[in-house]
Amino acid sequence: AHEQTHGVHYEENFASMEKMSTIRTVIALSATKGCHLHQMDIKNVFLQGELDEEVCMLQPPGFKSSTHPQAVCRLRKPLYGLKQASRAWHSRITQYLHQ
């Protein structure tokens with residue numbers, strides 16, 4: 001469950017979704033043209049994005065600081081499940097494609 005509050009903890013939500021027919025078409029074209037396809041692990045790919053805003057989270061279980069147990073963690077990279085994660089990753093891929 002997300003504990004983010006709209007307008008307070010994030011600006012917008014983004015979910016890039018592709019139709020299965022589009023994926024099949026890309027695979028078929030790659031096969032007929034002899035191109036190589038690469039698969040990415042979506043849970044880890046979000047770590048390649050960059051956050052545009054400051055995002056903090058509670059210390060994860062098993063990682064509590066004994067000297068600062070009430071401290072929060074500031075994220076430098078988006079994590080899987082974070083509302084900003086897919087937008088950050090998609091922005092990075094879009095930049096890469098337009099270079």
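Ser 30 is buried in this predicted model, because its relative accessibility of 9% falls under the 20% limit. The residue belongs to helix α1, which spans residues 20-33. When residues up to four places away in sequence are not counted, Ser 30 touches Cys 35 and Leu 37.

Helix α1 also holds Ile 27. This residue is partly exposed, because its relative accessibility is 45%, a value between the limits of 20% and 50%. Ile 27 takes part in a nonpolar surface patch of about 440 Å², together with Met 20, Ile 23, Val 26 and Leu 37. Leu 37, a member of that patch, is thus also a contact of the buried Ser 30.

In soluble globular proteins, nonpolar side chains tend to be buried together.

Leu 47 is located in the loop between α2 (42-45) and β1 (56-58). With a relative accessible area of 36%, Leu 47 is classed as partly exposed. Its contacts, leaving aside neighbours within four places in sequence, are Lys 77, Pro 78 and Leu 79. The C-alpha atoms of Leu 47 and Ala 88 are separated by 9.3 Å, although the two residues lie 41 residues apart along the chain.

Terms used:
Residues are numbered from 1 along each chain as its sequence is written. This is a predicted model: local features need pLDDT of at least 70, side-chain atom pairs count only at pLDDT 80 or more; totals for chains, interfaces and linings use all residues. Side-chain values use heavy atoms; hydrogens and water are left out. Helices (H or I, at least four residues) and strands (E, at least two) are DSSP runs, numbered from the N terminus. Buried means under 20% relative accessible area, exposed over 50%, partly exposed in between (1.4 Å probe, protein chains only). Contact means heavy atoms within 4.5 Å. Patches are made of residues with over 30% relative accessible area and no salt bridge: like charges are joined within 9 Å, nonpolar side chains (Val, Leu, Ile, Met, Phe, Trp, Tyr) within 5 Å. Accessible areas come from the Shrake-Rupley method with a 1.4 Å probe; for residues, only the protein chains shown count as cover. A salt bridge is a side-chain nitrogen of Lys or Arg within 4 Å of a carboxyl oxygen of Asp or Glu.
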